[in-house]
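This report sets out selected features of one protein chain, from its overall make-up to individual residues. It is intended to be read beside the sequence and the coordinates.

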Amino acid sequence: MAKAGCVNGYKRPAGAGEDAGWRQAARKRRKTDGGGRGPEEKSSRLSAALFGEDCEVSHDQLYELLKYAALGKCHNATQPSWCRIYHQSHLAGVVVIVLHEMSQLHFYKFYLQFKHLRKVFRHRFTLTPSANFLASLYGEGANLKPENTAQGLTSTNSECIPKSSDLQCDPIIQKYGEKKQGLTSYTLTLEEQKNNYYPIQGSPGCKGYIYTECDQQRTDSSPLYGLDCEMCLTAKGNEVTRVSLVDAQGQCLLNELVKPEGAVVNYRTRFSGITKKMLLPVKTRLPDIQTRLKKLLPRDAVLVGHSLNADLQALEMIHPSVIDTSLLFARNEGRRFKLKFLAKAVLGKEIQCEQKLGHDPAEDARAALELAQFFIEQGPAKVAELNLEKLLTTEKLAEVSQNKAALQPQGCRARKRLNELPRLSKPCFLDCLQVTGQKPLLLGRQELDSSGLRQSNLSTSNKQILQRALEDVPLSTFSIIQFSLDPEYIASHLLAGLCEKVRSKLTDMLTIYAGPFEESFCLKSVKKEFGRCGPIQSLTVVTETCQPYVCIQYEVLEAAQLAVESLNGAEVAGSCIKVQRPVTAAMLDCDVLIKELELDVENEGVIYVAGLKKSLTETDLQEEFSQLKDLETLFLPKDLQSGKHRNCCFLKFQKSESAVNALEVINGWTVKGSRLRSRNALASGHLWRWIWQMNCSNGKQGGNILHEKMEQLSDSEQDLRKKVKKLDQHIKKLYRSLQSNTLCVVLFPGVNSTHGSQSGLGLMGIKDDGGRSAC
């Protein structure tokens with residue numbers, strides 16, 4: 001996402017500087033949002049930068065939001081780091097609706113049935129699945145007594161130790177097995193290198209790259225070398241400005257500053273630590289570094305790094321044998337652990353500290369090397385036992401200790417009693433609420449009794465839960481309401497079938513057929529014309545027909561829709577062609593789905609722009625689009641593995657009418673010799689990222705097994721649609737009963753089972769007088 005400044009929580013488009021017009025607009029917005037009202041009239045408001053790639057929220061971040069919303073500053077809770085609540089003290093209450101054992105997959109499979117959810121909540125985010133979802137919401141240790149563990153309530157300590165059945169589901173075990181192996185078992189295959197955009201000999205994009213000539217056969221005793229680079233953004237793109245190489249003993253062999261060829265556009269000092277002053281006396285150039293690396297590396301060297309493909313691409317070097325720690329410590333759905341987290345969780349080391357200016361590449365190279373050594377020496381089973389996914393969602397931040405240091409000894413009695421709470425890694429703020437005389441409410445599969453204990457109540461129906469909620473929610477300042485579909489409708493063994501159905505429909509929606517063409521048509525000109533609509537994933541010629549057709553699969557929904565709208569009936573490669581999507585039973589409601597996505601509240605004021613040259617940088621685009629009125633944010637989609645940006649972008653405007661006006665201006669606009677095409681956005685937020693992940697993942701089930709599961713799913717799908725529709729109506733009824741100024745968060749927790757893992761989804765907003773969420 002393009003970086004933007006911030007004044008009082010409002011984002012300033014990059015390049016706007018200290019523009020007086022922008023500040024005037026910000027002041028005007030504050031007035032219309034309630035900033036200029038008297039204290040008795042103030043309404044709470046929610047602001048969150050959930051756009052493009054910044055849509056994944058951890059359980060710690062969600063906990064941070066709920067804690068601040070429930071307690072406020074007077075109890076030493078702090079504003080969440082990823083969003084902002086204005087006038088928290090004016091909140092009427094907090095209501096969290098949990099849709100038990102449902103995921104992001106369920107929301108988009110039954111998107112048309114979730115009519116209320118998609119029309120009310122503007123803010124959406126992806127959520128990682130959690131083993132103990134409720135505890136991750138409000139903290140651990142809600143006065144649980146030891147005797148309750150026999151009734152299915154587990155203690156906090158035991159949650160961190162994975163059971164043997166859970167171990168089998170760990171992606172590390174699924175990828176490598178449990179047995180220890182030598183280092184050659186963990187080097188990337190040629191196919192893996194291709195899939196993760198490593199520079200490879202003979203590849204079209206690697207012309208002029210230097211080969212390390214380390215072509216000797218690797219063995220399990222081959223030497224490991226850690227490599228890391230820091231880059232700056234120049235007129236040429238990403239260029240190396242610092243290189244570090246460490247040997248297997250952690251000794252630094254190379255730690256050199258490099259003068260980039262192009263003019264520096266952004267030093268990225270916050271991350272790279274590089275400043276203009278540092279590079280002024282430097283005379284070393286990239287060819288010098290390439291020569292030194294070739295001399296330093298023995299013929300059987302194995303390079304180790306974290307997302308090492310980016311370093312080798314920037315170095316313009318090809319090395320045949322690599323271990324990538326971002327892939328070695330495997331996660332589900334193509335996600336990756338950050339190096340900083342792995343160093344702390346696995347090695348117990350703090351790196352990339354905030355006190356330092358930028359990253360230290362020698363430190364990062366050493367950390368990656370030690371992580372690889374740990375993995376090889378301990379084996380996959382020991383690494384899986386660390387339960388990294390759990391550690392990530394419940395990082396031990398010693399929050400209570402920090403809070404105690406901040407509290408004043410002269411505080412009120414409630415504060416004094418807060419100091420007496422037990423030392424926990426993540427304190428349960430429900431305890432804090434009860435200490436201050438407020439009664440939290442938990443309805444559904446588990447309930448809080450008068451003593452604060454959670455009790456299971458599996459027989460309660462959604463209708464009964466709704467009735468209780470309508471009566472009890474107005475009496476509580478913090479409520480968690482759990483709804484659930486019948487177990488047979490969300491059985492985990494049907495997850496693979498459900499996932500395959502959604503993936504198949506997404507693929508069809510991203511695919512178009514164009515033709516007929518002449519026998520000797522120019523495929524290159526067809527690709528060029530259709531490429532102006534957006535990034536193409538694959539293009540094949542269909543020869544089964546009398547005249548040739550072309551099948552094109554795009555990476556984004558908007559591109560396929562733009563192709564259908566703008567090129568159907570057009571003359572391409574000398575032929576007047578028809579453009580259409582595949583016709584299948586699942587695609588019969590495609591037009592309805594496209595229309596509803598376009599009207600989705602998340603896409604209000606957002607447009608899609610295609611036809612950009614890949615050489616254009618974010619800075620170029622900011623300058624080109626700066627004249628558009630009310631432009632708030634620019635999002636330039638990037639390949640989540642290679643980091644390379646696509647030939648399209650999304651523009652978000654403060655007002656819907658400004659987006660409509662921008663569409664008229666941009667269509668046919670020429671930028672640096674490239675003619676632009678645009679339309680309303682369909683999947684600009686977290687959905688863009690999810691579609692990309694669904695496209696890249698492959699079903700792991702065998703064909704017969706998967707077919708059987710899809711048939712089982714089809715048998716109950718019609719009934720399931722009715723259940724989902726009813727569930728949406730329950731949420732609508734509950735939402736309508738809430739007071740204005742109530743923060744409402746709806747959560748699909750996600751699924752993590754032996755049959756697969758699916759990310760969760762969060763929707764949130766503060767109810768305003770009109771019944772919709774205020775943003």
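The text below treats the chain as a whole, then its helices, and then a number of single residues.

## Overall make-up

The structure is a predicted model. Its chain has 775 residues, of which 54% count as buried. Secondary structure in the chain comprises 30 helices and 36 strands. Among the contacts in the chain with a separation of 6 or more, 73% are accounted for by residues 24 or more positions apart.

Helix 12 spans residues 286-296, and its buried residues are L286, I289, Q290 and L293. These residues lie on the same side of helix 12, because they cover an arc of only 100° around the axis. Their packing partners are strand 8 (210-211), strand 9 (224-234), strand 10 (237-246), strand 11 (252-257), helix 13 (308-315) and strand 14 (317-318).

Helix 28, residues 656-666, has S658, A659, A662, L663 and I666 buried. Viewed down the axis of helix 28, the buried residues fall within an arc of 145° and therefore line one face of the helix. The elements covering them include strand 26 (606-610), helix 27 (618-625), strand 28 (648-653) and strand 31 (677-680). Helix 28 is followed by G668, which has a positive phi near 90°.

## A helix pair

The crossing of helix 15 past helix 16 is left-handed. On the side of helix 15, the contact is made by L339, L342, A343, V346 and L347, while helix 16 contributes D364, A367, A368, E370, L371 and F374. By class, the residues of this contact divide into nine nonpolar, no polar and two charged.

Most residues other than glycine have a negative phi, and most peptide bonds are trans. Two residues and one peptide bond in this chain are considered against that background.

Y197 is not a glycine, yet its phi is positive, at about 60°. Y197 is found in the loop between helix 9 (190-195) and strand 8. With a relative accessibility of 31%, Y197 counts as partly exposed.

N741, also not a glycine, has a positive phi of about 75°. The loop between helix 30 (703-737) and strand 32 (742-748) holds N741. Is N741 buried or exposed? N741 is buried, since its relative accessible area is 12% and the limit for a buried residue is under 20%.

G515 and P516 are joined by a cis peptide bond, with omega about 0°. P516 is found in the loop between strand 20 and helix 24.

## Single residues and their surroundings

The loop between strand 20 (511-515) and helix 24 (523-531) also contains E518. E518 has a relative accessible area of 45% and is partly exposed. Which residues does E518 contact, leaving aside its neighbours within four places in sequence? They are P548 and S575. E518 and P548 are 30 residues apart along the chain, and their C-alpha atoms are separated by 7.0 Å.

S321 lies in the loop between strand 14 and strand 15 (322-324). With a relative accessible area of 7%, S321 is buried.

Q561 is found in helix 25, residues 557-567. Q561 counts as buried, at 10% relative accessibility.

Methods:
Residues numbered from 1 in each chain as written. Predicted model: local features only at pLDDT ≥ 70, side-chain atom pairs only at ≥ 80, totals over all residues. Heavy atoms only, no water. Buried < 20%, exposed > 50% of the residue type's maximum accessible area, 1.4 Å probe, protein only. Helix = DSSP H or I, 4+ residues; strand = E, 2+ residues; numbered from the N terminus. Arc of directions from axis to C-beta. Contact = heavy atoms within 4.5 Å. Left-handed = near helix turned anticlockwise from the far one by under 90°. Nonpolar A, V, L, I, M, F, W, Y, C, P; charged D, E, K, R; others polar.
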